[in-house]
Amino acid sequence: MNEESGLEMDHKVREKLPPILTAPSTGCGQGVKKLGVGRGCGQGVKKLGVGRGCGQGVKKLGVGRGCGQGVKKLYPCLSGFTFSLQHRRPTTVCSRFGAELPPLCADMRQKQRFSIDTLPQEVKAPFPSDPVIPLRNKTARQFQEDMDSALASGDWREVREFYLTTFQSFLELNAAFKREANAPFNTIEDSGVNSKFINAVFDALPQAPQEVQKSVLKGIINSLLREWKGPRTKDDLRAYFILVQNPQYSHTSTYVIYAHLLRQIASLSEADHHFLIHWFKKLSPRRFKQLVERLLQFISSRLFSATPDDLPPITKCSWWIPSATRVLALLNAANSLSSTPMLLYTDFYNMALDHIDYMGEYRTWQCHGNSSKFSFCQFPFILSAAVKKAIIQRDSEQQMISIARQSLVDKVSRRQRVDMDLLFLNIRVRRTQLLSDSLEELSRKRAELKKKLRVTFVGEAGLDMGGLTKEWFLLLVRQIFHTDYGMFTYLKESCCHWFSSWKCDSLSEFQLVGTLMGLAVYNSIALDIHFPPCCYKKLLTPPIVPCDQNTPVGMATLGLDDLQQVMPDLAHGLSELLDYEGNVEEDFYLTFQVFQEEMGVVKSYNLKPGGDKIPVTKFNRKEYVQLYVDFLLNKSVYKQFAAFYYGFHSVCASDALMLLRPEEVEVLVCGSVDLDMVTLQKEVQYEGYNRTDTTIRFFWEVVLAFPVELQRKLLHFATGSDRVPVGGMAHLSFKISRIDVSTDWLPISHTCFNQICLPPYRSRKEIKHKLTIAISNAEGFGLE
């Protein structure tokens with residue numbers, strides 16, 4: 001009988017896949033040797049099934065129906081071994097035949113993975129010790145020499161034999177790659193594998209002939225088939241750790257195997273995941289990145305397959321994406337736990353998910369939470385900031401519509417005249433009394449904060465289509481954060497603002513700042529605010545406002561790394577205290593007490609009861625540093641920050657905030673500071689001009705040559721903000737229009753529409769001169 005594919009999902013897919021996983025019939029009932037199909041009539045499956053007649057065997061695993069038929073269908077879509085993994089009862093081999101397992105022996109115990117510690121005392125004796133791993137002495141250098149020889153001579157027998165032997169079982173994987181074959185290595189810090197050897201073997205695999213590569217995949221399937229459900233040993237975890245690094249999973253033809261490997265890893269216990277997370281931390285950044293990219297590609301290909309016929313129907317493998325996402329979550333955890341993350345958190349974004357029904361995912365998550373109903377919102381690290389912003393905006397819009405509808409119904413029910421202004425949060429302010437007017441308006445209209453914001457400057461002609469709102473935010477933030485106002489202290493060493501610990505008599509103003517930040521997120525406005533990252537950690541502690549008003553808010557767990565971003569010099573000094581090898585008590589003469597200057601008066605605070613009488617020693621200095629950091633960043637500004645917290649959440653109260661990282665909240669509030677004018681040039685739209693027109697060519701030559709400061713001014717001139725929105729310049733909707741007036745005119749902008757209007761300037765020098773004047777004097781709203 002000709003060889004058949006072992007990865008067949010249906011007849012069409014079987015024809016396309018290479019014959020890599022074969023099960024030839026060699027005579028009467030012989031079947032597959034690896035799976036234990038008997039060599040004689042009626043023997044059935046030796047290892048995974050018991051025959052009950054002439055050639056019956058186990059049909060699911062492809063045993064022939066009659067004498068000599070061989071294998072009909074070898075685990076289609078690997079459902080054969082999935083069925084045996086998930087539905088086999090521990091006391092039977094196959095419920096279909098009802099055959100009892102033979103008496104437990106060393107070989108059978110290896111397959112079932114029963115823990116001897118969980119068995120009654122009277123049945124412990126028959127169990128021998130764990131199987132001894134066979135010794136394999138090949139080194140990475142010897143393997144590389146075999147590879148070089150095979151490449152030179154074309155004789156691959158030695159290399160092929162190594163691959164065939166190594167990947168046929170978890171036992172052999174440990175024998176080949178474990179540094180000491182029978183050492184336990186039961187620690188999270190050391191996986192016990194020879195990483196250099198693993199890397200050499202996998203790096204060489206693409207250079208090997210196709211038959212060698214196919215034999216590796218066939219061996220992996222045999223390995224996975226042998227692993228039944230049950231407690232896992234650390235050698236099993238090592239095998240999973242090794243197999244998941246295989247580079248062959250980059251091709252869709254191997255996705256069925258990859259999916260089943262991911263499923264077994266995802267179904268491991270929490271304790272086993274704990275070990276894998278810490279072992280992943282030890283990978284090199286390049287290997288780690290390859291694992292992440294491979295998983296992201298797998299998820300994207302399953303969602304939006306370019307050639308759907310290459311993969312089984314989504315209805316038959318709905319578990320693929322959840323399994324891959326859960327394994328990706330282990331890598332994300334490993335990255336977060338690393339002292340120096342190997343990847344940026346943005347590297348875990350899957351941009352393909354920007355095109356799914358993310359609101360459907362969000363509603364599923366809201367209804368089912370982190371239950372068995374899968375949603376990408378359970379794993380928010382995989383969703384881009386653009387998707388999270390879109391979810392927050394949609395959620396905000398729904399709340400806005402609900403509030404506006406209720407206002408409309410109330411008006412109608414009272415038979416009052418309906419005014420369209422009731423659909424908006426209308427703010428009227430004077431430029432000369434900007435702060436006081438804004439505070440009064442927001443306090444008076446607190447119930448309307450979730451309506452669409454519309455700003456009017458008293459005495460100025462202009463309809464707010466977005467531009468006046470941006471300017472109101474800009475001017476208000478500039479005034480609030482001015483050092484003369486005293487609400488915030490500007491720290492030159494870290495170039496950021498922090499809450500003044502002494503100004504707590506006007507908490508309503510701190511609440512105003514929080515409300516402004518919430519309105520900015522709600523209305524998609526980027527603010528020029530410079531808070532340190534720990535501020536956004538505090539803002540999400542907790543992410544949902546607690547029902548009990550007495551519950552502390554903003555009390556995040558912060559450390560020296562967070563203090564480094566606020567007060568780097570002080571953080572450096574405390575770090576030196578922790579590393580000091582001399583007599584801490586006598587040389588530093590510190591107590592659990594801190595001193596702060598407030599309006600020219602130095603005040604002392606105890607970090608713990610009786611702290612002024614407790615000396616700092618070598619043994620309690622860690623506690624001192626932690627209490628010091630907690631006092632500076634949490635306790636000393638608690639009242640101010642709590643008002644700020646409630647102001648922000650009075651507008652942005654949404655489950656969607658639970659999806660955000662602190663860094664993403666900062667991007668939503670402030671936008672990005674990274675300008676990319678080249679991308680803006682590619683994405684810009686033209687009205688009345690073409691990109692090849694002389695004026696346009698001169699314009700971009702001038703802009704690209706501008707220093708960053710002038711580029712920021714140009715962005716502010718055109719959009720009302722010098723920050724880049726979430727998603728980058730491509731999401732800016734920037735437009736350049738022609739205005740047929742004299743070239744003596746300066747450029748004009750419409751910040752509501754992110755639009756610049758250019759007269760038909762004729763020279764580069766003229767454009768540079770007129771544009772510089774315009775962007776350097778762009779404040780206020782006027783009509784010509």
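In the predicted model, the charged end of Arg 454 is placed over the ring of Phe 424, at 4.2 Å from the ring centre. A second contact of this kind involves Lys 608, whose charged end sits over the ring of Phe 592, 5.0 Å from its centre.

Contacts between aromatic rings were examined next. A pair of aromatic rings is described by the distance of the centres and the angle of the planes. With ring centres required to lie within 6.5 Å, the count comes to 42 aromatic pairs. In one of these, Tyr 163 and Phe 167, the ring centres are 6.2 Å apart and the planes meet at 20°; because planes under 30 degrees apart count as stacked, this pair is stacked. Tyr 163 is buried, with a relative accessible area of 0%, and Phe 167 likewise counts as buried at 0% relative accessibility.

The rings of Phe 499 and Phe 531 also form a stacked pair, since their planes lie at 0° with the centres 5.5 Å apart. Phe 499 belongs to strand S4 (residues 496–499), whereas Phe 531 is found in the loop between helix H18 (507–522) and helix H19 (533–539); the pair therefore ties together parts that are 32 residues apart in sequence. Both Phe 499 and Phe 531 are buried. These two residues are members of one aromatic cluster, which is formed by Phe 481, Phe 488, Trp 498, Phe 499, Phe 510, Phe 531, Phe 641 and Phe 644.

Note on methods. Residues are numbered from 1 along each chain as its sequence is written. This is a predicted model: local features need pLDDT of at least 70, side-chain atom pairs count only at pLDDT 80 or more; totals for chains, interfaces and linings use all residues. Side-chain values use heavy atoms; hydrogens and water are left out. Rings of Phe, Tyr and Trp (its six-membered ring) pair if their centres lie within 6.5 Å; planes under 30 degrees apart count as stacked, over 60 as edge-to-face and the rest as tilted. Buried means under 20% relative accessible area, exposed over 50%, partly exposed in between (1.4 Å probe, protein chains only). Helices (H or I, at least four residues) and strands (E, at least two) are DSSP runs, numbered from the N terminus. A charge sits over a ring if NZ of Lys or CZ of Arg is within 6 Å of the ring centre and within 35 degrees of the ring normal.
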